[in-house]
Amino acid sequence: LYKEYKSMPLQLRSGFISLFSAAGTLLVTLSSIFSKNMDQFTIEYMLVHFVIPSGIITSAISVMNVTFQIRGTIFRVKQINTFTTSIAAKDYTSQPLKVRSRDEFGLLTVDLNRFYLTTRSLLGSISRTSEGSVTLANNVAENISTFIVGALILYGVKQECKLKNNLFLE
């Protein structure tokens, strides 16, 4: 997801949802007052039987709209938090996050995934390189040990020969 493909910003989208929800509530609530069929009822009767009940129902629907939007936002924040917590704990075994939207959360998810994959690849390369270095160091240590043992054996043989030579000359 690239920034040029980003959709409507989250704040603007939230504003539109709230605006349309409030406008819908107002229009549905007031529609009974402006209806031609309501001329036979008094204002008090229309308020009690039409305006207030429809206002309550549409207000509840508006609250549900905002609640659903907030739940979606909270879900994405929790998902990102869980992902970043695992990265902070140096756990690079999880899968990258799924990009679910083209808003700020989608851009953040793409950037987090890029960071995660790059870091995981870098750590893998370092691990492989260090394993090779350990193997090389072990081989060098083994070769040095073999050389030292061989040198000590040669030194011992030389000392033994000197001792025999001295005994033979006496």
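Me: Where does helix H2 bend, and by about how many degrees?

Reply: Happy to start there. A bend at a residue is the angle between axes fitted to the seven residues ending there and the seven starting there, and helices here are DSSP runs (H or I, at least four residues) numbered from the N terminus. In this predicted model, H2 bends by about 30 degrees at Val 51, and a proline, Pro 53, follows within four residues. A word on the ground rules: the model is predicted, so local features need pLDDT of at least 70 and side-chain atom pairs count only at pLDDT 80 or more, while totals for chains, interfaces and linings use all residues. Residues are numbered from 1 along each chain as its sequence is written, and side-chain values use heavy atoms, with hydrogens and water left out.

Me: What span should the residues of H2 have?

Reply: The expected span of a helix is 1.5 Å times one less than its number of residues. H2 covers residues 43-88, and its 46 residues should span 68 Å; the end C-alpha atoms are 63 Å apart, which agrees. Helix H1 (residues 10-34) has 25 residues and reaches 36 Å from its first C-alpha to its last, close to the 36 Å expected.

Me: Which residues of H1 are buried?

Reply: Buried means under 20% relative accessible area, exposed means over 50%, and partly exposed lies in between (1.4 Å probe, protein chains only). In H1 the buried residues are Leu 10, Ser 21, Thr 25, Thr 29 and Ser 32. Phe 20, also found in H1, is exposed, with a relative accessible area of 57%. In H2, the buried residues include Val 51, Gly 55, Gln 69 and Arg 76.

Me: How many salt bridges does a search of the whole structure find?

Reply: A salt bridge is a side-chain nitrogen of Lys or Arg within 4 Å of a carboxyl oxygen of Asp or Glu. The search finds three. In one of them, Asp 103 pairs with Arg 13, the closest N and O atoms being 3.0 Å apart. Asp 103 lies in the loop between H2 and H3 and Arg 13 in helix H1, so this pair ties together parts that are 90 residues apart in sequence. Asp 103 counts as buried, at 0% relative accessibility. Asp 103 also meets Arg 76 in a salt bridge (3.0 Å, N to O). Arg 76 lies in helix H2, so that pair ties together parts 27 residues apart in sequence.

Me: And where are Arg 114 and Asp 111?

Reply: They sit three residues apart in helix H3, separated by about one helical turn. Arg 114 is partly exposed at 47% relative accessibility, and Asp 111 is partly exposed at 39%. As for Arg 13, Arg 76 and Asp 103, salt bridges that share partners join them into one network.

Me: How many aromatic pairs are there?

Reply: Rings of Phe, Tyr and Trp (its six-membered ring) pair if their centres lie within 6.5 Å; planes under 30 degrees apart count as stacked, over 60 as edge-to-face and the rest as tilted. The whole structure has six such pairs. Phe 41 and Tyr 45 are stacked, at 4.9 Å centre to centre with 20 degrees between the planes. Phe 41 and Phe 50 are tilted, at 5.7 Å and 55 degrees. Ring pairs link Phe 41, Tyr 45 and Phe 50 into a cluster.

Conventions:
Helix = DSSP H or I, 4+ residues; strand = E, 2+ residues; numbered from the N terminus.
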